[in-house]
Amino acid sequence: MMEENIQSTGMNWKTKLMLFGAAAGALVGAGAAYLYVRSVESEQGGAALAPRRVKPVAAVSIGLSVLSLVRQIAGLGLED
């Protein structure tokens, strides 16, 4: 009986944390897309006719930065 209560409580905080992470990720992604569109609009004189190509070097750099951030977040749960 006690073990069932611990498991249901454990899933509760995990679920809340997963939902918070998903919402935060969606907000950060939407913000990044907004900033990208704004930069394209300012480059094209106020009207975004077509997105500019992203150079592969820039995409790889951003990907590595995201992986580094995820690794740092994963390390938050580890004790020193």
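I began with secondary structure, taking helices (H or I, at least four residues) and strands (E, at least two) as DSSP runs numbered from the N terminus. By that rule I found two helices and zero strands in the protein. I noted that this is a predicted model, where local features need pLDDT of at least 70, side-chain atom pairs count only at pLDDT 80 or more, and totals for chains, interfaces and linings use all residues. Residues are numbered from 1 along each chain as its sequence is written, and side-chain values use heavy atoms, with hydrogens and water left out.

Next, the surface. I used accessible areas from the Shrake-Rupley method with a 1.4 Å probe, where for residues only the protein chains shown count as cover. The total is about 7,400 Å², and 68% of it belongs to carbon and sulfur atoms. I called a residue buried under 20% relative accessible area, exposed over 50%, and partly exposed in between (1.4 Å probe, protein chains only).

I then checked Phe20, which sits in helix H1. Is Phe20 buried or exposed? Phe20 counts as exposed because its relative accessibility is 58%.

On to charges. I counted a salt bridge where a side-chain nitrogen of Lys or Arg lies within 4 Å of a carboxyl oxygen of Asp or Glu. The structure holds one: Arg52 pairs with Glu43, with the closest N and O atoms 3.4 Å apart. Side chains of opposite charge can pair when their charged atoms come close. Arg52 is partly exposed at 32% relative accessible area, while Glu43 is exposed at 52%.

Last, I asked which residues line the largest pocket. A pocket is an open set of points on a 1 Å grid over the protein atoms alone, where a 1.4 Å probe fits, with protein on both sides within 12 Å along at least five of seven lines; lining residues have an atom within 4 Å of a point. I listed Val28, Ala32, Ile62, Val66, Leu69, Val70, Ile73 and Ala74. Helix H1 (2–43) and helix H2 (56–74) each give two or more residues to that lining.
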